Amino acid sequence: MLKDSSLRGYLLEESLAWLLRFSGYRLLVHEDQDPVELVTEGQTLRVRGRGALHQVDVLGEFAFTPAFSMPVRLFLEAKYYQTRCELEVVRNAHGVVHDVNENFMTGAGTRPRQRYKYSYALFSASGFTPDAQKYALAHQISLVDLSGASFAWLLGHIGATATSLCAAQQHLPKSAPFPLNWMRAELRKALATSPLDLLPSVSIPEGKFKQAAGTVVEEFATVLRQHSDAELLLGFPAAPFILPLAANDHRGFLEYAEAKPDHTVRIKRRGMGAAAEWTLSPADAVGAYELAFKLPEHIEEWISGIGEKERRRTAEVKEQFLSAITLYRMNGTGVRAYQLRYEASSLSRAGAP
């Protein structure tokens with residue numbers, strides 16, 4: 001039987017693929033999308049590395065190529081543990097992405113081929129241990145902590161759905177595995193996160209399990225669709241980490257950002273240590289929108305390490321790491337870039353905190 005924790009992780013990955021639907025990434029699900037780099041084995045997608053084939057559950061390709069770079073592809077892995085992700089998970093991510101990026105050779109008579117820059121993002125519902133964070137920072141693995149209050153609705157929904165799917169397993173034959181590929185295909189069809197003509201054809205026998213699990217999967221997708229404004233906005237600061245930004249008013253943010261794609265923001269920190277959460281809002285339009293995010297735990301520990309220096313260290317982090325945050329978002333067939341700038345001097349002149 002598939003464990004509840006494993007189901008939560010798979011559901012989180014599919015939810016993130018949906019939440020990132022406007023962030024400039026298209027989902028790669030079949031070798032037909034790239035027969036050179038990708039291999040489909042049954043219902044499993046693998047990416048060729050220099051030394052091995054690597055299974056991938058969620059793989060995205062960025063819509064445009066950054067300057068002085070190669071086309072970007074992103075491995076997305078999600079963990080929904082009750083405890084923080086440890087070093088082993090991050091070490092495995094580094095091994096995979098390093099092997100895949102090394103898979104390129106040239107020589108006399110070699111046919112020209114496209115090359116990609118593969119990146120790896122690990123999302124965790126419970127954060128990461130200090131060792132995992134240090135290793136990720138050294139090897140440029142992006143860690144995204146979803147343990148903040150802004151994502152409680154999503155994690156709660158995933159937990160309840162995983163419990164229901166685990167209960168439905170009682171209707172499976174005793175030695176039958178949980179049909180994970182069927183569940184993923186059903187979710188991707190319901191959420192329209194994958195081209196339908198490339199989705200693997202996965203079927204399971206009619207019966208009590210299919211009826212019970214099918215209802216649970218459809219209800220899960222329905223709740224996500226009811227949050228149609230929900231979207232995981234990724235912020236890219238001048239720092240070795242990325243920011244998952246949750247909007248209190250999604251439409252308000254988009255309307256403001258479309259009108260002013262480059263604007264100044266206020267940044268505030270609430271709470272202390274690992275429980276701290278940050279918010280940013282436009283400096284010249286209080287209440288237009290608010291984006292919430294968390295910083296890596298080791299940064300929060302440094303900020304709170306000496307009480308009398310906490311205020312000054314908070315200001316240093318704003319000025320050093322958060323002075324310019326860039327967001328990318330699909331707008332029709334093109335990609336829009338928004339830049340949120342923090343300028344302490346301009347806020348001081350305006351009398352802002």
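Strand S2 (residues 38-41) and strand S3 (residues 44-48) pair in the antiparallel sense over four bridges, where strands are DSSP runs of E of at least two residues, numbered from the N terminus, and two strands count as paired if DSSP finds at least two bridges between them. This is a predicted model, in which local features need pLDDT of at least 70 and side-chain atom pairs count only at pLDDT 80 or more, while totals for chains, interfaces and linings use all residues. Residues are numbered from 1 along each chain as its sequence is written, and side-chain values use heavy atoms, with hydrogens and water left out.

Thr-40 has Leu-45 of S3 as its bridge partner, and the hairpin formed by S2 and S3 has two residues between the strands, with Gly-42 in the turn at a positive phi of about 65°. S3 also pairs in the antiparallel sense with strand S4 (residues 53-55), over three bridges, and there Arg-48 stands opposite Leu-53; four residues lie between S3 and S4 in this hairpin.

Arg-73, in strand S6 (residues 72-79), is buried with a relative accessible area of 0%, buried meaning under 20% relative accessible area with a 1.4 Å probe and protein chains only. Its side chain makes a polar contact of 3.0 Å with that of Tyr-118 (a pair of N or O atoms within 3.5 Å; within protein, one must be able to donate a hydrogen and the other to accept it, and residues adjacent in sequence count only if both atoms are side-chain atoms). Not counting residues up to four places away in sequence, Arg-73 touches residues including Asp-34, Glu-37 and Glu-61, contact meaning heavy atoms within 4.5 Å.

Seven strands close into a barrel with mixed pairing, in the order S9-S10-S13-S12-S11-S15-S14.

Definitions and conventions: Buried means under 20% relative accessible area, exposed over 50%, partly exposed in between (1.4 Å probe, protein chains only).
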